[in-house]
Amino acid sequence: MAKHFKDTMTHPTDLLLIFTRNPELGKCKTRLAATVGDEIALDIYKFLLNHTKNFTKGLNISKWVCYSDNIWENDIWDNFIYDKKVQYGDELGQRMANAFMDGFEAGHKKIIIIGSDMYDLTENDLKEAFNSLHHHDYVIGPAIDGGYYLLGMKVFNPTLFENKNWGMDTVLEATLHDLKDENYIMLAPKNDIDYFEDIKDIEIFRTFLKN
């Protein structure tokens, strides 16, 4: 049976952090580009960015698009729907920790972070994740490759962003170890898109892969 979520399950005090890379040739989806080339990888990343915009724009929550390098004025993210920030910190863990810290300092009560390369993620998935934070302190969406596609909390915990080999298949295990004594819930596993193998069997991507 399909799940239905009321708008009351999200609230403007909730914050969604969307971590993105500036969509520039040769600077995004580099592991995918190793197989399909820089131009196709960029086209796929732009498609995923647009997909992320489409399933997040209707949520009745605050939304921050956190750029890797700098804010582009003429981008796909509507200024009336999304606030735009620039990630800061020496590595991914620090950048995520800083974004969460800034969100809590701004007064948000429940914060979730996602990337911008999740074709399988939906608006209802995000509503379910925020709703789960009514009863749990943390929520995590495990990725099939051993990382995670979503992390949420209502209590800032910097430990979750320390001593991790980001981009490796140990991140989920290490994060769950940090959460072993905490009140957390796990969502259904999903496939994020990093390599050619992640897209080769998905119909929508075949258009990009044609010669």
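The model is predicted, so a local feature needs pLDDT of at least 70 and side-chain atom pairs count only at pLDDT 80 or more, while totals for chains, interfaces and linings use all residues. Residues are numbered from 1 along each chain as its sequence is written, and side-chain values use heavy atoms, with hydrogens and water left out.

I'll start with the pockets. A pocket here is an open set of points on a 1 Å grid over the protein atoms alone, where a 1.4 Å probe fits, with protein on both sides within 12 Å along at least five of seven lines; lining residues have an atom within 4 Å of a point. Volume is the space filled by probe spheres set on the points, and grid points are joined across faces, edges and corners.

The largest pocket holds about 990 Å³ of space. It is lined by 35 residues, and those closest to its centre are R31, L92, D117, D192 and D194. Which element gives the largest share of that lining? That is β6, with 4 residues. Elements that each supply at least two lining residues include β1 (14–20), α1 (30–36) and α3 (92–105). Helices and strands are DSSP runs, H or I of at least four residues and E of at least two, numbered from the N terminus. By class, the lining has 16 nonpolar, 8 polar and 11 charged residues. Nonpolar covers Ala, Val, Leu, Ile, Met, Phe, Trp, Tyr, Cys and Pro; charged covers Asp, Glu, Lys and Arg; the others, Gly among them, are polar.

The second largest pocket has about 150 Å³ of space. Among the residues lining this pocket are T20, R21, K46, L49, W72 and W77. Its lining divides into 6 nonpolar, 2 polar and 3 charged residues.

Next, the helices. In α2, residues 38–56, the end C-alpha atoms are 27 Å apart, which agrees with the 27 Å that its 19 residues should span at 1.5 Å a residue. The expected span is 1.5 Å times one less than the number of residues. Buried residues of α2 include A41, L42, Y45, L48 and L49. Buried means under 20% relative accessible area, exposed over 50%, and partly exposed in between, with a 1.4 Å probe and protein chains only. The buried residues of α2 pack against β1, α1, β2 (62–67), β4, α4 (123–132) and α6 (206–209). Contact means heavy atoms within 4.5 Å.

Helix α5, residues 171–178, has V171, L172, T175 and L176 buried. Seen down the axis, these fall within an arc of 125°, so they line one face of the helix. The arc is taken from the directions from the helix axis to the C-beta atoms. E173 and H177 are exposed on the other side of α5. What covers the buried residues includes β5 (138–142), β6 and β7 (184–186).

Last, three loop residues. K29 sits between β1 and α1 and has a positive phi of about 50° although it is not a glycine. Is K29 buried or exposed? K29 is buried, at 11% relative accessible area. N163, in the loop between β6 and α5, also is not a glycine and has a positive phi, near 55°. N163 is exposed, at 79%. K109 lies between α3 and β4 and is exposed, at 55%. Beyond its neighbours within four places in sequence, K109 is in contact with T13, F104, M153 and K154.
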